[in-house]
Structures are given as C-alpha cells and as structure tokens.
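User: I'd like to learn how to read a few features off a model. Can we go through them one by one?
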Amino acid sequence: MVKNLLEKGDLDNKLIIYNRTPQRAADLQSTLDPNKEKTVVAPDVYEAVSVADIVFTCLGDDAAVKETVESISRKCNVNGKLFVDCSTIHPDTTNDIAQVFTRLGAEFVACPVFGAPAMAEAGQLVCVLAGPKVSIEKVLPYCKGVMGKANIDFSDQPCGKATLLKIIGNTFILNMVETLAEGHTLAEKSGLGTDNLHRFIETMFPGPYTAYSGRMMSGDYYRREVPLFQVDLARKDAKHALDLAKTSEARMKDVEVADGHLEDVQKHMGKQGDIAGIYGAVRQESGLKFEN
C-alpha cells in the first residue's frame with residue numbers, strides 16, 4: 001500500500017512512514033526509496049501524526065488500534081487532520097475510534113481493504129469506505145487507481161459499516177478455504193485424486209479458489225516462512241463474525257467449524273500457521289498427516 005501511494009499517489013510532500021517495529025520502517029524505506037528523496041521515517045507515532053495532513057493506519061487487531069488511538073489522542077493535536085483506518089477490526093471498535101477523533105476536531109474514514117499481499121503489491125485491493133462524504137472524497141484519490149482496483153463507497157453511512165462488511169466478507173474467504181480443504185481431503189481418500197479435483201476447480205472457479213487449491217496441493221500451507229494470512233488474525237476475524245452473529249441472533253455454523261480447524265492449526269504450527277493450514281487440520285481429522 002505504501003509502495004503504491006508513493007508511486008501513484010501524486011503526493012505534494014514526502015510520504016511519512018512509521019511502524020511500531022522501527023526496523024521494518026527503515027527496511028521499507030530502503031526498498032522503496034533508497035535515496036530518501038520521497039519518504040521520511042518518523043521515530044515515533046507522535047512525530048508522524050504531528051506533521052501529516054492525512055494519516056493512514058493499518059494494524060493487526062483491535063487492541064493495537066485502541067492503544068495507538070489512545071496514545072495519539074493523549075499526546076497529539078489532531079484538530080483538522082484526517083485519519084483513515086484500514087485495519088480489520090470489530091465495527092464497534094471502528095465507531096468508537098471515529099467518535100474519539102471527531103470529538104477532538106479531526107475527520108475519520110474507515111477504509112478496510114480486501115485482497116492478499118500480492119494484490120496489495122499490485123495495487124489491486126478493493127477499498128471499502130464509510131464515513132462522512134466530505135471526508136471520503138479526500139481519501140478517494142488514493143484508493144481506486146492507486147492502492148486499489150475498485151471502491152465500495154458507503155458515504156454518509158456509519159464508519160462501522162465498512163468493517164462490518166469486511167468481517168462478513170472475510171467469512172466468505174474462510175468458508176472457501178474450509179470447502180477446499182474438505183474437498184481435497186475427500187478427493188485423496190476416495191481415490192478421485194487431488195489433481196483431478198484441481199482441474200475441476202480451475203475450470204469452474206478461477207481466481208481465489210484455484211489459488212488456494214494450488215497452495216494446498218503444493219504444500220505451501222505449511223512450508224511458508226511468513227504466513228499469507230496468519231492464523232491468529234484469521235481467528236480474530238472469525239471470532240468477530242461469531243460475536244456479530246450472536247448479537248444479531250443469527251448463526252454461522254460454517255464459521256464455527258472453520259474456527260475449530262483454525263484452532264487445530266494454532267496447536268500444530270503456532271504463529272507460523274496460515275489460514276490455508278485448515279487443509280492440514282481437516283487431513284488430520286480424517287486420519288491423514290497434517291503435511292501432504
């Protein structure tokens with residue numbers, strides 16, 4: 001996302017980079033801007049915010065978002081600034097931080113994104129925006145055509161609507177992985193063969209289904225050093241979905257099953273686990289080894 005903001009964002013000033021792990025910010029700058037002509041690394045979040053007009057945040061979970069917002073609100077003058085949060089968090093958390101910033105005279109837009117890291121790299125994300133229309137209009141120039149390929153615009157709707165869609169949307173991904181894992185396991189055990197199943201998948205469901213099917217067949221689901229969709233984050237999203245379902249007096253049985261398999265992935269692989277590891281969990285449940 002930073003790469004595409006830098007390359008296509010038509011910025012008037014240097015892009016300010018901050019990461020809670022300083023070395024990651026330094027490494028990113030070295031990769032994208034080795035001569036330090038277009039970027040500057042902020043030593044802390046307060047300096048990053050103090051000199052910025054628009055602040056994009058993207059953090060792993062609700063606790064990290066709340067902690068960061070609390071720190072900013074206590075130590076920074078945010079009056080007149082625009083905050084854009086791209087984190088995947090509970091919609092209640094989104095609405096709460098929107099209130100914090102607006103109470104302090106800042107603008108706020110929720111802008112979670114759909115897309116794997118490769119899509120982010122290629123500027124092919126789908127951006128979901130919610131909040132005041134006047135604020136969203138300031139963010140749109142950095143979405144479609146820069147960070148993303150498309151926008152879903154919820155102008156003048158509560159900010160939490162964007163993260164509500166993101167949480168529900170992520171259950172589609174979770175259920176896709178669960179379906180593929182069960183299908184591949186049955187294909188192996190029944191004698192159809194995973195190669196034959198994959199031929200059907202790539203013919204009928206090109207795109208994410210085929211990509212995840214390939215990851216399962218190749219063993220990528222357990223061989224990666226860095227997960228594409230880390231298991232703890234996948235479970236966080238699943239728990240948010242189940243909480244929303246309970247609050248709404250609904251039931252998501254598919255998510256309940258998939259979350260149980262994610263728990264098995266955590267036990268088997270720890271923090272190295274990936275959402276695609278559900279395949280290994282289903283294999284184990286069916287009397288096969290976790291690793292294919």
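User: Which kind of contact do the side chains of E70 and R74 make?

Analyst: Keep in mind that this is a predicted model. The general idea: side chains of opposite charge can pair when their charged atoms come close. Here E70 and R74 form a salt bridge, at 3.9 Å from N to O. Both sit in helix α4 (residues 62–75), four residues apart, or about one turn of the helix. As for cover, R74 is exposed at 55% relative accessible area, while E70 is partly exposed at 47%.

User: And D237 and K236: are they buried or exposed?

Analyst: D237 is buried because its relative accessible area, 6%, is under the 20% cut-off. K236 counts as buried too, at 15%. The two are joined by a salt bridge, with the closest N and O atoms 2.9 Å apart.

User: Which residues are linked in a network of salt bridges?

Analyst: That would be R215, D220, R224 and D274. Within it, the R224 and D220 side chains meet at 3.5 Å, N to O. D220 is buried, with 19% relative accessible area, whereas R224 is partly exposed, with 30%.

User: Now helices. At what angle do α8 and α12 pack?

Analyst: Two packed helices are described by the angle between their axes and the distance between the axes. For α8 (residues 160–190) and α12 (residues 231–247), the angle is about 115° and the axes are 9 Å apart. That makes the pair roughly perpendicular, and α8 passes α12 in a left-handed crossing.

Definitions and conventions: Residues numbered from 1 in each chain as written. Predicted model: local features only at pLDDT ≥ 70, side-chain atom pairs only at ≥ 80, totals over all residues. Heavy atoms only, no water. Axes fitted to C-alpha atoms, helices over the stretch in contact; angles between N-to-C directions. Helix = DSSP H or I, 4+ residues; strand = E, 2+ residues; numbered from the N terminus. Parallel < 35°, antiparallel > 145°, perpendicular 65-115°, else oblique. Left-handed = near helix turned anticlockwise from the far one by under 90°. Salt bridge = Lys/Arg side-chain N within 4 Å of Asp/Glu carboxyl O. Buried < 20%, exposed > 50% of the residue type's maximum accessible area, 1.4 Å probe, protein only.
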